[in-house]
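Thanks for coming. Please have a look at it first.

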Amino acid sequence: MNAVITGATRGIGRAIAIKLWEKGFNLALVARNKMELEKLRDELFVTGRKILIYAVDCGIKEEVYKFLNANENEFGFADVLVNNVGAFLPGSMLDEEDEAFEKQQSINVNAGYYISKFYGKKMRSEKRGHIFNICSVASKAPVKNGGSYSVTKAAMLSLNNVLRQELAPHQVKVTAFLPGSTKTSSWEGTTIPDEKFVQPEDIAETLFTILNLSKGVNVDEVLITPLDF
């Protein structure tokens, strides 16, 4: 089984990569920082399994398509796609520079659109596969001081729902994760205790459980939030 994971070197993406690797998947890992990709690859690597890394700025369309074309030749069919890459630039939507919205739009929505179309077409032809989109609770309700982020995450959930509608007749599954506050690098330095957060490993465990459900069932959305933040 092959899995493609974007935003793979930190937080949720890293936890998913480790989980799927432990369960026997070959991996294609995408992130911006080449050194972090190499470090993760070296941590995971075992002889006889494939792990490919791609240093990509997912906010740049040309880089995304360069990766997609390279991966098609090097990796083969992707049974699982995890659209995890994302950007959060805090601030008031009315007061921010336009570039803040445009950057988040390009990473949080456009990259998922390009990548999902690419692999979705192949999954449609093969009549198998599963796409996971790591959205946010902000996909359903705006978060304070994160207006543009909330807009883009709402768009990502809409993208997820369109993908599910178009791919379901072809036996391809599509699932959205809507995590609340999750203990990732964006919370570095916080004094809030770990038990107040969703852990990235919680999301990875849930994703793997979903992958092992029966063929005829689709988990549309997973809302996973801290018990008492």
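I start with the surface. The protein chain exposes about 11600 Å², and carbon and sulfur atoms supply 51% of that area. Keep in mind that this is a predicted model.

As for burial, 46% of the 229 residues of the protein chain count as buried. The C-alpha atoms fill a box of roughly 50 × 35 × 35 Å along the principal axes. A compact globule with 229 residues would have a radius of gyration near 17 Å, and the protein chain agrees, because its value is 17 Å.

Now the elements. The protein chain has six helices and seven strands. From the N terminus on, they run β-α-β-α-β-α-β-α-β-α-β-α-β. Among contacts with a separation of 6 or more, 69% are between residues 24 or more positions apart.

On charges, the chain carries 27 positive and 28 negative ones, and their mean positions are 7 Å apart.

Next, the rings. The structure holds six aromatic pairs. One of them is Y65 with Y114, a tilted pair at 5.5 Å centre to centre with 45° between the planes. Y65 lies in helix α3, residues 61–75, and Y114 in helix α4, residues 98–126, so this pair ties together parts 49 residues apart in sequence. Y65 is partly exposed at 30% relative accessibility, while Y114 is buried at 14%.

What kind of pair do F118 and Y119 form? It is edge-to-face, because the planes are at 80°, with the ring centres 5.2 Å apart. F118 is buried, with a relative accessible area of 15%, and Y119 is buried with 2%.

Finally, Y65, Y113 and Y114 form one aromatic cluster.

Definitions and conventions
Residues are numbered from 1 along each chain as its sequence is written. This is a predicted model: local features need pLDDT of at least 70, side-chain atom pairs count only at pLDDT 80 or more; totals for chains, interfaces and linings use all residues. Side-chain values use heavy atoms; hydrogens and water are left out. Helices (H or I, at least four residues) and strands (E, at least two) are DSSP runs, numbered from the N terminus. The radius of gyration is taken over C-alpha atoms; the globule rule is 2.2 Å times the number of residues to the power 0.38. Buried means under 20% relative accessible area, exposed over 50%, partly exposed in between (1.4 Å probe, protein chains only). Contact means heavy atoms within 4.5 Å. Accessible areas come from the Shrake-Rupley method with a 1.4 Å probe; for residues, only the protein chains shown count as cover. Lys and Arg count as positive and Asp and Glu as negative; His and the chain ends are not counted. The place of a charge is taken as NZ of Lys, CZ of Arg, CG of Asp or CD of Glu. Rings of Phe, Tyr and Trp (its six-membered ring) pair if their centres lie within 6.5 Å; planes under 30 degrees apart count as stacked, over 60 as edge-to-face and the rest as tilted.
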